Amino acid sequence: MSKQFDVVVIGGGPGGYVAAIRAAQLGFNVACIDEWKNAKGGPALGGTCTNIGCIPSKALLQSSEHYEHAGHAFADHGIKVEGLGIDVAKMLARKDNVVKQNNDGIAYLFKKNKVAFFHGRGSFVKASEAGYEIKVAGAAEESITGKHVIVATGSNARPLPGAPFDEENILSNDGALRVGAVPKKLALVGSGVIGLEMGSVWRRLGSEVTVLEALPTFLGAVDEQIAKEAKKAFDKQGLKIHLGVNVGEVKSGKNGLSIAYTDSKGEAQKLDVDKLIVSIGRIPNTIGLNPEAVGLQLDERGAIVVDDECKTSLPNVWAIGDVVRGPMLAHKAEEEGVAVAERIAGQHGHVNFNTIPWVIYTSPEIAWVGQTEQQLKASGRAYKAGTFPFLANGRARALGDTTGMVKFLADAATDEILGVHMVGPMVSELISEAVVAMEFKASAEDIARICHAHPSLSEATKEAALAVDKRTLNF
Ligand code: FAD
Ligand code: NAI
């Protein structure tokens, strides 16, 4: 006998667990199926984000940043550190504990919101009058039926052709977060978000890091001026980033790896390293979901086909997060989860793709929302730009971190904010003001006229807004 639910969510990552909670808040009888296992084989809710993504990477970025500060920046403050060392095992244990707190937090939220949790792999069996029957293959096999189904099965790391992940030498984001000792030499293929974040972690801890990137431009999706500023900072830190390369054969042996590639001039090169992290994007995941059983349509990339409202090719089956089109970001998955739960309840859930912020948690951090200057130029839209450097910000000077700037792009005629781009200290937090402003269709002048606390990094945001009208006060 199949257990009946109003809503069954397959996948307990940020998309799935948030969708389940919101659906429960709206009064539905909700089940969530997730197959992730912790080291002991028990459940570990939170998906890629919590287990091998956002959360553990930020924990290691924090630890490695403390280490770098203790080794370099503290001296300027008159703080003497002698005998500085890194206990990698302890750092990893702390990271694992941070992950566990998040796993447990979600399990608690499920109890609080009366979401029934099933640990195991969910796969479609058939459609019936009652909804969609789903088999859960876990410690025991169970059958559940949902009138509505939300698929939130996430994504997996894309391997390099001819170099499958062994998580020993050739690492995905999973292995990259578990390296037991600081590699002397580390290579990363792909200078995207993971490449820069994980490259920064291990460089700060002492690895000699080389990043091999296929494209000739650095961070092509980022505003050019901001990407240039970030590249300058990474070069200064000693992160070796080679652009326009073509990675060839990867030979992996007992003593490390040898990577053949051609550089941007077309010359053959060889790089010998202890470990290789491959960060060349991610593939939507429908492994084991059995979409064929019900005729759920996928596209050529393997993503579930959805419309603007996350409706799939099947009635009452929805899909959200990394397994569908759009940016692979935890907060995008969450917003889609909430919107779908509200649509199921007959409400008007909405996700504004124009105001989804991006953050790269390197040092300096990089954050943006809206359109880049190159996009505005390409679309022919008349715009005004204003920038303000952290060099002229009192709080940044006091912090001892004056790298970077804030940049505003506003419509030339109406002054509406079209994009805000930042590189510098704590811009992961500063970007929220820009998101709020854009959601309310604010003008640059609106931000320029708002009182910002002194001394604070957010004054750079206000000053960049003033710069749109060429009237900065402190630069
Ligand atoms: P996932 O988080 O992948 O969750 C899917 C879940 O479904 C998993 O638990 C999986 O086990 C389960 N599942 C899959 N198939 C089945 C099945 N058939 N039955 C049962 N369960 C199933 N994004 C950010 O916004 N900020 C960041 O800082 C950030 N950092 C990242 C760092 C790294 C190293 C990586 C790899 C990613 C990072 N991301 C970040 C991206 C973010 O992790 C993803 O966008 C997000 O996790 C997508 O959420 P999701 O719910 O769609 O899928
Ligand atoms: P990415 O898409 O950010 O970057 C991949 C990079 O690899 C690109 O620059 C691409 O040109 C390059 N590339 C592709 N094939 C290549 C090849 N054969 N040789 C050399 N270079 C090649 O993907 P990444 O870093 O794997 O991250 C996946 C996704 O996870 C991100 O796009 C993002 O959505 C998410 N993420 C988000 C984070 C955040 O929000 N802070 C942190 C980490 C990941």
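Which loop does proline 364 lie in? Proline 364 sits in the loop that links β18 (358–360) with β19 (365–370); helices (H or I, at least four residues) and strands (E, at least two) are DSSP runs numbered from the N terminus.

## Ground rules

This is a predicted model, where local features need pLDDT of at least 70 and side-chain atom pairs count only at pLDDT 80 or more, while totals for chains, interfaces and linings use all residues. Residues are numbered from 1 along each chain as its sequence is written, chains are lettered from A and ligands numbered from 1 in the order in which they are written, and side-chain values use heavy atoms, with hydrogens and water left out.

## Around proline 364

Proline 364 is buried, at 4% relative accessible area (buried is under 20%, exposed over 50%, partly exposed in between, with a 1.4 Å probe and protein chains only). Setting aside neighbours within four places in sequence, proline 364 is in contact with Ala233, Phe234, Gln237, Thr403, Val423 and Gly424 (contact means heavy atoms within 4.5 Å).

## Domains

The domain assignment, automatic or from a database, gives domain 1 (3–157 + 283–351), domain 2 (170–280) and domain 3 (355–468). Domains 2 and 3 have C-alpha centres 29 Å apart, and 18 residues of domain 2 are in contact with 21 of domain 3.

## Ligand 1

Ligand 1 has 38 residues around it, with Asp34, Thr48, Lys58, Gly122 and Asp322 coming nearest (a residue counts if one of its heavy atoms lies within 4 Å). Oxygen atoms of ligand 1 figure in several polar contacts (pairs of N or O atoms within 3.5 Å): a polar side-chain atom of lysine 58 lies 2.7 Å from one, and a polar side-chain atom of aspartate 322 lies 2.8 Å from one. The protein buries 94% of the 990 Å² that ligand 1 exposes when taken alone (Shrake-Rupley areas with a 1.4 Å probe).

α2 gives the most to this shell, with four residues. By type, the shell holds 14 nonpolar, 18 polar and six charged residues; Ala, Val, Leu, Ile, Met, Phe, Trp, Tyr, Cys and Pro count as nonpolar, Asp, Glu, Lys and Arg as charged, and the others, Gly among them, as polar.

## Ligand 2

Over at ligand 2, 23 residues make up the surroundings, and Glu197, Glu213, Gly281, Met328 and Val359 are the closest. A polar side-chain atom of glutamate 197 lies 2.9 Å from a nitrogen atom of ligand 2, while a polar backbone atom of methionine 328 is 2.6 Å from an oxygen atom of the ligand. The protein covers 76% of the 840 Å² that ligand 2 has on its own.

α6 gives the most to this shell, with four residues. The shell splits into 13 nonpolar, five polar and five charged residues.

Conventions:
A polar contact is a pair of N or O atoms within 3.5 Å; within protein, one must be able to donate a hydrogen and the other to accept it, and residues adjacent in sequence count only if both atoms are side-chain atoms.
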